[in-house]
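Okay, thanks for coming, everyone. I'd like to walk you through one model today, so please have a look at the screen.

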Amino acid sequence: MENHHHQHDPAAESDWAAMAELLDLDADVLHSYLSEVTAWVYERAAELPRRRILDLGSGTGTGALALVQRFAEADVIALDKSAQLLARGQAKARELGVEDRIRTVQADLDAAWPVIEPVDLVWASSSLHHMADPDRVLTEVFTAINPGGLLAVAEMDSFPRFLPDDVGPGLEARLQAALAEARADELPHLYSDWGPRLSAAGFTVEARRTFDIDLTAPLPALAGRYAQASLTRLRSGLDGRLSPADLATLGPLLDGDGPGSVLRRDDLTVRTARTAWAARRP
Ligand SMILES: C[S@@+](CC[C@H](N)C(=O)[O-])C[C@H]1O[C@@H](n2cnc3c(N)ncnc32)[C@H](O)[C@@H]1O
């Protein structure tokens, strides 16, 4: 998902279902992380009135749903530019019986900030780096938050590592290097240090925490699908940047549940880190 930001690429729009699956798998496989980071946000927001939360770039609403359960008294606005992803989140909210506490707002924040009520807490997970001008968006978030309110930003530190080094050999290291190159052209804000940028927007950065994720066998049931969906998305985002040899290695790994598929490996890992910043509007 991280490599896929082509503003007017019709393919990017039509594969929203793949994106939705990946976001749901991410929340499922990394559920301990999601639970830890939302507990961390809950602690930081202990003094707040906990009335209204904004999930900025909510995707399928995995954060919105975790927060609505964590903050028993709060309502959540799930905001995203994708109507399909919002609809998926709404369906999950209905299944969980919390649909009356989650409202969706479709808006492209690159175009304009929507009219919404002031909020007490904003959660922005893996969304800021997709914005054309995240610093402008941060100043709009600042205005949208009540004084004393909190913005929690969570971002990936790196693309997850799934495969042992002897695959390829060194295939994943080359994928990471290709992603770094692609990032410079297409996603300049990915892996940014958000602390100074939050300060520049007027926030007081109160805390920063890195969550190390190191899942090894026995992995959660959906980890193979997560690896497959993540690497498939990475491959499509690295179109033209991978060698024929690496593409030939990746082919069978990502080919359905064929004999060489990641779904059949018992040596997968999920190794990555996410960093969260808690920033207060004074
Ligand atoms: C990597 S996903 C993260 C989704 C979710 N926050 C999560 O952690 O699972 C990034 C999300 O940001 C949304 N997004 C990207 N650019 C946006 C923009 N300009 N305005 C609103 N939403 C945007 C995308 O549609 C996508 O749902």
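Let me start with a term: a crossing is left-handed if the near helix is turned anticlockwise from the far one by less than a right angle, and right-handed if clockwise. Keep in mind that this is a predicted model, where local features need pLDDT of at least 70, side-chain atom pairs count only at pLDDT 80 or more, and totals for chains, interfaces and linings use all residues. Residues are numbered from 1 along each chain as its sequence is written, and side-chain values use heavy atoms, with hydrogens and water left out.

So, helices. Two packed helices are described by the angle between their axes and the distance between the axes. Here helices (H or I, at least four residues) and strands (E, at least two) are DSSP runs, numbered from the N terminus. Axes are lines fitted to C-alpha atoms, for helices over the stretch in contact, and angles run from 0 to 180 degrees between N-to-C directions.

Take helix 7, residues 171-186: its axis comes within 10 Å of that of helix 9, and the two cross at roughly 55°. That makes helix 7 oblique to helix 9 (under 35 degrees is roughly parallel, over 145 roughly antiparallel, 65 to 115 roughly perpendicular, and the rest oblique). Helix 7 passes helix 9 in a left-handed crossing.

Helix 9, residues 223-237, also packs with helix 2, at about 135° and with the axes 9 Å apart. So helix 2 is oblique to helix 9 as well, and this crossing is left-handed. What about helix 2 and helix 5, then: left-handed or right-handed? Right-handed, this time.

Now the ligand. There are 18 residues around it, the closest being Gly57, Asp80, Asp108, Leu109 and Ser125; a residue counts if one of its heavy atoms lies within 4 Å. The shell splits into six nonpolar, eight polar and four charged (Ala, Val, Leu, Ile, Met, Phe, Trp, Tyr, Cys and Pro are nonpolar, Asp, Glu, Lys and Arg charged, and the others, Gly among them, polar).

A polar side-chain atom of Ser125 sits 2.7 Å from a ligand oxygen. The protein covers 95% of the 600 Å² of accessible area that the ligand has on its own, by the Shrake-Rupley method with a 1.4 Å probe.

Most residues other than glycine have a negative phi, and most peptide bonds are trans. Ser126 has phi near 50°, and Ala217 and Pro218 are joined by a cis peptide bond, omega about -5°.

Definitions and conventions:
Polar contact = N/O pair within 3.5 Å; in protein donor to acceptor, adjacent residues only side chain to side chain.
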